[in-house]
Amino acid sequence: VELRDKNGLTETEFLQSYRQKDYPRPSLTADLVVIRDGELPALLLIRRGGHPYLGCWALPGGFVAPGEDAQSAAQRELQEETGLRELPLAPLGFYSAPGRDPRGWVVSAAFLSVSRRFSPVRADDDAAEAAWFAIREESDTADHLALTLVHESESLKLRASRRNNPITGRPEAQVYASEGIAFDHAQMIADAWLCFEPNVKEE
């Protein structure tokens with residue numbers, strides 16, 4: 001016996017009358033924070049070759065295609081934009097702040113990858129350049145995080161407050177200043193660094 005809802009519809013009848021266009025939906029992107037572990041950790045960034053944030057540095061990533069899950073999209077975008085492929089990925093977080101993307105309502109599933117291998121990168125697709133940025137932590141206090149990312153003559157900065165989540169006890173960052181980093185990718189970088197940071201200190 002098929003169950004009926006309060007309107008007397010079975011699931012089949014409900015789906016036949018359901019109209020997706022009646023419900024606003026965001027676009028979905030996948031972004032990657034790729035950190036090269038070592039004596040001087042490094043972060044993989046791409047220089048944007050198109051609008052928005054033309055010429056700014058950003059994390060590799062892009063839109064999830066129909067019929068594709070976010071992790072598959074992350075791997076595809078990584079290969080298309082940097083030439084790297086099949087890196088191990090772990091979910092980092094879900095980013096949905098209003099206005100995070102000037103193109104409209106866009107939310108992102110972000111992933112973290114950490115590797116000790118040095119992998120040369122090459123820009124392709126809509127990335128004008130791909131490069132490893134050395135990560136320098138300039139302060140290490142209980143309530144503050146300051147990172148500078150350095151590549152050749154360029155340096156990018158981000159500053160964040162930090163606290164421990166009251167439920168999980170895990171460290172969290174809230175970026176209040178960043179320079180030269182597109183979208184809300186400074187927030188993703190800060191979150192990833194706090195996940196990665198204990199591994200650095202244990203060595």
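Before colouring anything, sort the residue types: Ala, Val, Leu, Ile, Met, Phe, Trp, Tyr, Cys and Pro count as nonpolar, Asp, Glu, Lys and Arg as charged, and the others, Gly among them, as polar. Keep in mind, too, that this is a predicted model.

Start with the largest pocket, which holds about 360 Å³ of space. Select Leu 92, Pro 171, Glu 172, Asp 191 and Cys 195: of the 15 lining residues, these are the closest to the pocket's centre. Now show the cartoon for strand S5 (90-95), strand S10 (171-179) and helix H3 (185-202), the elements that each give two or more residues to this lining. Colour by type and the lining splits into eight nonpolar, four polar and three charged residues.

Next, the second largest pocket, with about 200 Å³ of space. Pick out Arg 48, Gly 61, Gly 62, Arg 103 and Phe 183, the closest to its centre among 18 lining residues. Strands S1 (27-36), S2 (42-48) and S4 (61-63), along with helix H2 (70-82), each supply two or more residues here. How does this lining divide by type? You'll find six nonpolar, four polar and eight charged residues.

Last stop: Thr 148, in strand S8 (residues 144-151). Is Thr 148 buried or exposed? Its relative accessible area is 4%, under the 20% cut-off, so Thr 148 counts as buried.

Technical notes: Residues numbered from 1 in each chain as written. Predicted model: local features only at pLDDT ≥ 70, side-chain atom pairs only at ≥ 80, totals over all residues. Heavy atoms only, no water. 1 Å grid on protein atoms, 1.4 Å probe; cavity = no way out; pocket = protein on both sides within 12 Å on 5 of 7 lines; lining within 4 Å. Points joined across faces, edges and corners; volume = space filled by probe spheres on them. Helix = DSSP H or I, 4+ residues; strand = E, 2+ residues; numbered from the N terminus. Buried < 20%, exposed > 50% of the residue type's maximum accessible area, 1.4 Å probe, protein only.
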